[in-house]
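Dear colleague,

Please find the structure below for your records. My notes on it follow.

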Amino acid sequence: MRQRDWAVVLWIAFLSAASGFFVLFGLIDPLDMIGAWAHKFDIGVRLAYGLAFTFLYLLCLLAAALTMFMIRTGPARGHVEGKGRRPIPEVHDPSQSNPDLDGEDWR
Amino acid sequence: MSHAQDESSSLYRKEPKVYPRDVTGTFAGLRKLAVFVLLGLYYILPWLNWDGRQSVLFDLPARKFYILNLTFWPQDFIFLTLMLIIAGLTLFFVTAVAGRLWCGYACPQTVWTEVYLWMERWVEGDRNKRIKLDASPWSAGKILRKTSKQALWIGFALWTGFTFVGFFTPIRGLGQSVVSFQLGGWETFWLLFYSFATYGNAGILREQVCKYMCPYARFQSAMFDKDTLVIAYDEARGEPRGGRSKSDNRADKGLGDCIGCTLCVQVCPTGIDIREGLQIECIACAACIDVCDQVMDKMDYKRGLISYTTEHKLSGHKTQLLRPRILVYAILLLSLLAGLTWSVNQRVLLRADLLRDRNALYRELPDEMIENVYTLKLINMDSKPHRYKIEVLNNENMTLFVSPEPELQAEEVGNFIVRIQAPKNAGRGSMEVDVRFSTLDEPVIERTVSARFLMPFD
């Protein structure tokens with residue numbers, strides 16, 4: 001992947017994580033979350049905001065990078081000369097020029 | 001380029017529909033077996049009971065996961081994470097040893113696509129009949145066949161969606177809700193969503209999921225080496241290919257063993273020609289091996305023109321099974337499995353959270369005693385009811401009172417008030433106390449937790 005692709009991945013992931021962050025903490029007060037964990041987890045408000053954003057950003061980075069990877073490395077859909085695309089294999093009646101494979105008898 | 005030219009020489013190519021021909025043979029039999037075992041487990045497991053409850057149930061509202069005799073609580077999710085890591089490592093290990101075994105035999109996409117293909121063949125016939133049917137104009141017969149196929153596909157998808165929801169909601173009750181049209185909103189949503197996903201992926205998208213959507217297919221090359229099992233065409237033996245009759249002498253005609261029947265292409269579920277070499281689209285289902293072996297039998301040639309082999313074997317070298325990456329995967333896998341088994345067996349089926357009352361630091365009682373009040377959340381994670389003894393460890397001055405009587409039913413969560421009292425002269429400031437919880441009946445389960453006990457500073 002090119003440097004520009006990585007910049008796009010980083011920026012899109014940041015925008016998504018930021019949107020997710022505002023929606024999440026618009027609905028949830030981290031102070032209310034202290035008793036909500038399976039294990040004792042009282043980390044304070046600042047660290048809660050920081051960790052939540054980091055987690056969201058890493059998740060969005062993974063999604064954006066994977067999407068970029070899938071598009072860049074896969075056969076280009078719909079394009080006759082897409083990367084990795086081979087011509088459609090030729091098929092014909094098995095018995096054509098093979099008289100011993102007559103009809104369905106080839107099994 | 002003029003507009004007319006642009007239209008006539010379009011660079012757009014629509015994905016051609018693949019009509020895989022039916023195939024029989026050793027590997028087709030193995031795949032059928034895998035379909036029956038895996039889908040059998042999927043469709044039957046939620047109907048089986050274990051200790052009076054559903055054998056596999058991910059009960060989200062109650063936040064408890066039941067897997068056979070084990071119950072996982074939210075605190076045990078580390079075990080489920082470990083299980084996922086083990087499943088992932090197993091996949092890496094199997095891929096490094098045997099290539100795309102997962103893709104060819106066990107991936108849900110392969111397994112459900114196989115079933116959808118069976119239904120399609122059953123209604124519309126094998127490859128040639130399906131090609132003809134699709135190319136023919138609409139008629140009563142075509143409408144009947146297409147409608148029957150869609151009805152079967154949709155029915156199977158709905159059953160699959162119902163079973164999926166049955167892993168999260170007790171399936172017998174769910175069945176009753178469906179029959180009496182009293183299905184809840186979320187259950188309806190997930191049933192339809194999973195049905196739609198099954199129908200779309202296995203009925204419509206099929207091989208395109210493996211070719212364009214599956215990231216695992218792209219990552220696998222990182223796990224492959226020259227000793228990994230792949231499906232390959234023996235080019236040295238097969239070329240030059242060409243038609244002939246059985247009585248023809250290959251050497252006289254200057255031909256290899258490939259008779260160019262194209263059956264290997266016709267049976268391929270992803271529509272590739274394996275003779276072009278190892279391709280990312282190949283899911284290693286081995287349908288081409290089965291059909292080629294049958295053709296070789298028919299021609300009285302040696303089997304194995306297309307076979308499971310390794311790059312090393314094809315180039316005349318010896319295949320090495322024990323390689324550093326295999327050993328690393330195996331050691332990691334065994335260690336994690338051992339760790340998981342040990343830690344699940346060592347689980348303490350009792351959880352206690354002792355939280356100090358935040359409203360008051362301490363209370364001074366009339367007889368020169370200091371009292372701290374705590375809220376106790378006690379969880380009986382065992383499948384039997386228990387009575388508990390609660391005591392302060394290593395501190396004879398302290399007395400502990402609990403109300404109500406600490407007694408919990410199987411898998412019950414209880415809240416209690418705990419009061420710990422100590423003489424005023426027993427200490428100053430903050431002290432750490434260890435509180436032990438133990439069952440009064442068999443089996444003995446005990447857990448010790450620490451809490452802070454506050455005394456006056458003066």
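**Findings**

Gly277(B) is exposed, since 12 other C-beta atoms lie within 10 Å; a residue counts as exposed at 12 or fewer such neighbours, as buried at 20 or more and as partly exposed in between, with C-beta atoms placed from the backbone. This is a predicted model, in which local features need pLDDT of at least 70 and side-chain atom pairs count only at pLDDT 80 or more, while totals for chains, interfaces and linings use all residues. Residues are numbered from 1 along each chain as its sequence is written, and chains are lettered from A and ligands numbered from 1 in the order in which they are written.

Gly277(B) belongs to the loop between helix 14 and helix 15 of chain B (helices are DSSP runs of H or I with at least four residues, strands are runs of E with at least two, and both are numbered from the N terminus). Its C-alpha atom is 19 Å from that of Thr95(B), 182 residues apart along the chain.

Chain B contributes 30 residues to the contact and chain A 27 residues, where contact requires C-beta atoms, placed from the backbone, within 7 Å. On the side of chain B that touches chain A, helix 10 (207–213), helix 11 (215–219), helix 14 (263–266) and helix 15 (287–298) of chain B each give two or more residues.

Chain B also has an open, antiparallel sheet of four strands in the order 13-11-15-16; strands pair if DSSP finds at least two bridges between them. Strand 13 (407–408) and strand 16 (446–454) of chain B stand at the edges with a single partner strand each, so one side of each lacks a neighbour in the sheet. Strand 11 (residues 386–393) of chain B pairs with strand 13 of chain B over two bridges, and His386(B) has Leu408(B) as its bridge partner in strand 13 of chain B.

With kind regards

Notes:
Two residues are in contact if their C-beta atoms, placed from the backbone, lie within 7 Å.
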